[in-house]
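Open the model in your viewer and keep the sequence panel beside it. The stops below go from the overall fold to one helix, the core and the ligand.

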Amino acid sequence: MDIKDVIEGSVNVKKYWLDKIPLELVEDIIDSGRYAVCADGEINWKVVIIVDDKLKDKISNCCMRQGWISKAPVILVLCSDIKHMEKYYGKKAEHYGRHNTLAAAENMRIAATSLGVSTCWVNFFEEKSLRRVLKIPDSVTPEVVLTLGYSDLKTKMPNRTSLDKLVYFNEWDNTVFPEDFWPIGRKTEKIQEEIDKGFKKLREKAANLLKLKKKK
Ligand SMILES: Cc1cc2nc3c(=O)[nH]c(=O)nc-3n(C[C@H](O)[C@H](O)[C@H](O)COP(=O)(O)O)c2cc1C
């Protein structure tokens, strides 16, 4: 599947079949989090995998009694280890730790979609009780609960704000596209021309190098 299709298909699904998800897939999904951006390459997040029914009920209660969560075959709780970050970032540890963890969670969500596994991002939870249930220490913050499961629900991507309402050029609030906004241009022919020119130069360079080699 094209990456754009995967991203656009990564909708939040809240109803799953009860089928088991193969361990290899769960591993793949979590592994994709390791390739997310992380401050200074220091991964500080940890994941608690929950499959036990009683525990899932408890997690669901921690999430303001959202009953559907306990029906997800697998629940991932992504946590940010602040202590680990404090060594490097002092007072900014929590901030950067959260960035790292959320970037990893988004990678996992997209990877899951590409593997045919539906997810839902859950952040409406009572932190204290989640800590208690999962025995999470004070130096670690639970950031996201990610549910995983198979689903045949044809959930549509909700309407998103259009791009023209989200982008400014050069400065805040400037929505007028500057015609001289090189190297981003409207005239794709012109861009193609420049690319072709570049390739022509490269080909010429390569041909000259080959000639030199032959002479030797
Ligand atoms: C920060 C955040 C927290 C969320 N928390 C919950 C939640 O606690 N329960 C839930 O059912 N969905 C939660 N969601 C999913 C939203 O309900 C979901 O984004 C919404 O249904 C819109 O769907 P979409 O994200 O696919 O556009 C959360 C999403 C985000 C980004």
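Begin with the cartoon view: from the N terminus on, the elements run α-α-β-α-β-α-α-β-α-β-α. Helices (H or I, at least four residues) and strands (E, at least two) are DSSP runs, numbered from the N terminus. The radius of gyration of the protein, 24 Å, is well over the 17 Å that the globule rule gives for 216 residues, so the protein is more spread out than a compact globule. That radius is taken over C-alpha atoms, and the rule is 2.2 Å times the number of residues to the power 0.38.

Before going further, note that this is a predicted model, in which local features need pLDDT of at least 70, side-chain atom pairs count only at pLDDT 80 or more, and totals for chains, interfaces and linings use all residues. Residues are numbered from 1 along each chain as its sequence is written.

Next, select helix α3, residues 53-62, where the buried residues are Ile59, Ser60 and Cys62. They lie on the same side of α3, because they cover an arc of only 155 degrees around the axis. The arc is that of the directions from the helix axis to the C-beta atoms. On the other side of α3, Asp53 and Lys54 are exposed. A residue is buried if 20 or more other C-beta atoms lie within 10 Å of its own and exposed if 12 or fewer do, with C-beta atoms placed from the backbone.

After α3 comes Met64, with a positive phi near 55 degrees.

Now colour the largest nonpolar core, which has 37 residues; Ile29, Ile75, Leu78, Met108, Val145, Leu146 and Leu148 have the most contacts inside it. Such a core is a set of buried Ala, Val, Leu, Ile, Met, Phe, Trp, Tyr and Cys residues joined through C-beta atoms within 7 Å. Centre on Met108: leaving aside neighbours within four places in sequence, Met108 is in contact (C-beta atoms, placed from the backbone, within 7 Å) with Ile29, Ile30, Ser32, Gly33 and Leu146.

Which residues are around the ligand? They are Val11, Asn12, Lys14, Cys63, Gln66, Cys120, Trp121, Val122, Asn123, Phe124 and Pro158, counted by a C-beta atom, placed from the backbone, within 6 Å of the ligand.

Notes:
Contact = placed C-beta atoms within 7 Å.
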